[in-house]
Amino acid sequence: MLLDVQDLRVERVADGAPALAGVSFRVVKGRILGLVGEHGAGKSLTASAILGLLRPAARVVGGRALFEGQDLLRMSDADLTRVRGARIGFVVQSGHATLDPSTRVGAQLIRAMSIHRPIVKAEAAWRAETIMSSMGIPEPRQRVREWPHELTPGTVQRVVVALALINEPQLLIADEPTAGLDITAQMQILDLLHVELRRRRIGGVIITRDLGVVAQYCDDVAVMFAGQVVEQGPVAQVFARPAHPFTRTLIGIMPDRLATGGGRAYGGPLPENGEGCPYRPRCDQATERCAMVPPLVGAGVHAARCHFARIGAA
Amino acid sequence: MSVMGELRRVSVSVGPGERRVAALTRIDMQVEEGQVLGVVGEAGSGKTSLARSFVRLVAPEGGAVLFEGSDITTMPERRLRRLRSRMTIVFRDAAAVLDPRMTARALIEEPLRLHAPVGAGERRAAVDALAERLRLSPAELERRPGEMGIDRLQLVNVGRAIVTQPRLLVLDEPTRDLDVAAAADLLNLLAELRAGGMAIVMTGHDIAAVQPVADRIAVLYLGEIVEEGATADILRDALHPYTQALLSAHLAADLARRGRRIRLRGEPPAPEDRTPGCGFAPRCPIAENRCRSGAPTPNQVGTDRRVACLRVLEGTSRIPLSR
């Protein structure tokens, strides 16, 4: 087990409101997990909590995040700094915000290396060029000398992926790595991530709102709703037999299933904080039982948090 | 069916002085009453210029813009203003467009105040009725843009555009920043408006964004239409290599299609770097030498489709999917 997140709880500092209500999922070495859900479900917050980047808006109030057996949530800042960027790579949504606008691209790659170990300048420069080239950036020798503003959005995101990989992490967390890119550029970046994770045998977490990304690039999926993982399992099993009503809805509204036009209404309010299944106000199968906390059904590789879940049933 | 909005050989340039570049080149397009036209293109394809052209927010350098059959290409702004309640446009970034000091109610009401000779009570009733249709709650109507999420804000943005019951509604990437759920709701609303006879032009950066409601789809690349036709025909049998690539790039929740797609090299060039010949040739997997010299013009294929590709005429434009 590369990363084992257990019952992660986070609350907002301002009012103590729960933001993550017990998030659990696992990432297996060499496999890619898709963390999928709507805007506001807590996907990015989960990543921030694991990486110790919540402050000052929120804080962890419970749970564990075991990375190769060590609990990231209880690590000192100094230890966490040694893990972040070295053993865990991170790709954020906005590439341009990641890059330092006043430093040439190559120098940023070299700096990322030097933070974590002593480097020999010439070797580091060579490594920067090599990784740019393996990111599919043509003419890397010239490009390392360019400034971030001179790059196209697609190239910026390739550099961000290079930054995340340059210290050869064991785990890579990518938070909506293609948000805002055009569709052909999206596919190029996801193809690149996929190939590099496989080639380097890196475990991956891809955070996305798009179930298509999960279907096409991930091995496992964790579906989040209202600060919880409501279903997790291998992609093939979850797509073939989704056990949670929210997962079924997500799969049902994929654009390619709307081909006949129209489509059905979906969406709605979240429940007030409190007991019971958070999905129940939007669920068409909800009964009075749903006012009670739903159990985790399935417990094996495929599990869902629903009173009526039947794992493996057609 | 009567034609509501029409572009005839419209060319548009954008940018300052010497750095002015062609955004649209000789575009022919029309949208009828009760029809949704989906315009698909990536960054720099000209889709925003096209959206703005339909409602004459940009003045074309060549060609003509028609609204309800009348030529409005050179109509002065003063007279255009009278049409502004009957042809409206919704921009992608609601947060940037809406006045942060106004409540949702005031924002939706404003176009009525400017354009319709009706009293305050009537305006209020109209906003209430529209809010119900948009599923905006009475409480939300009293909020200001800073207090609303992007999904809800876009509903306000659309509300402003339809409160005057326009004949032509143009939306520029209205669902790009929305969650799947909110996007689906908005598409449903557009389907309702179409049923009421509105002519709708909607842009998107991929086919999936417009396909659920679009009756016809036009694909733009570097300011030119590379393919245009009925949605069902394009989905079933895309003919232009770029349309095929866009369709295959759509990440379907379909495990059977995993990994099988057309991969394009590089990124769309900036308009100023456009090479002679077919604009798509540098990235086209099946381009031949002649594609780099002669620029194809949109040709009628069958009875109801236009495609700008030399190989389409010979029936050799279909690309097999690779892994």
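This is a predicted model: local features need pLDDT of at least 70, side-chain atom pairs count only at pLDDT 80 or more; totals for chains, interfaces and linings use all residues.
**Notebook: helices, sheet and backbone angles**

Residues are numbered from 1 along each chain as its sequence is written, and chains are lettered from A and ligands numbered from 1 in the order in which they are written.

**Entry 1: the helix pair.** I found that α4 (residues 105-116) and α5 (residues 121-134) of chain A pack at about 115°, their axes 9 Å apart. Helices (H or I, at least four residues) and strands (E, at least two) are DSSP runs, numbered from the N terminus. Axes are lines fitted to C-alpha atoms, for helices over the stretch in contact, and angles run from 0 to 180 degrees between N-to-C directions. Among the residues in contact (C-beta atoms, placed from the backbone, within 7 Å), I listed A:Leu109 and A:Met113 of α4(A), and A:Ala128 and A:Ile131 of α5(A).

**Entry 2: the sheet.** I traced an open sheet of 4 strands in chain A, in the order β2-β1-β4-β5 with antiparallel pairing. Its edge strands are β2 (18-27) and β5 (70-71), each pairing on one side only. Strands pair if DSSP finds at least two bridges between them. I noted 7 bridges between β1 (residues 3-12) and β2(A), and A:Asp4 stands opposite A:Arg26 in β2(A).

**Entry 3: a covered helix.** I turned to α7 (residues 150-162) of chain B, whose 13 residues reach 19 Å from first C-alpha to last, close to the expected 18 Å. The expected span is 1.5 Å times one less than the number of residues. In α7(B), 12 of the 13 residues are buried, including B:Leu153 and B:Ile162. Buried means 20 or more other C-beta atoms within 10 Å of a residue's own, exposed 12 or fewer, and partly exposed in between, with C-beta atoms placed from the backbone.

**Entry 4: backbone angles.** I found a cis peptide bond from A:Arg55 to A:Pro56, with omega near 5°; A:Pro56 is in the loop between α1 (43-50) and β4 (58-67) of chain A. B:Glu68, not a glycine, has a positive phi near 50°. B:Glu68 has 17 other C-beta atoms within 10 Å and is therefore partly exposed. Phi of B:Arg135 is near 60°, and this residue lies in the loop between α5 (120-134) and α6 (138-141) of chain B.

Definitions and conventions
Two residues are in contact if their C-beta atoms, placed from the backbone, lie within 7 Å.
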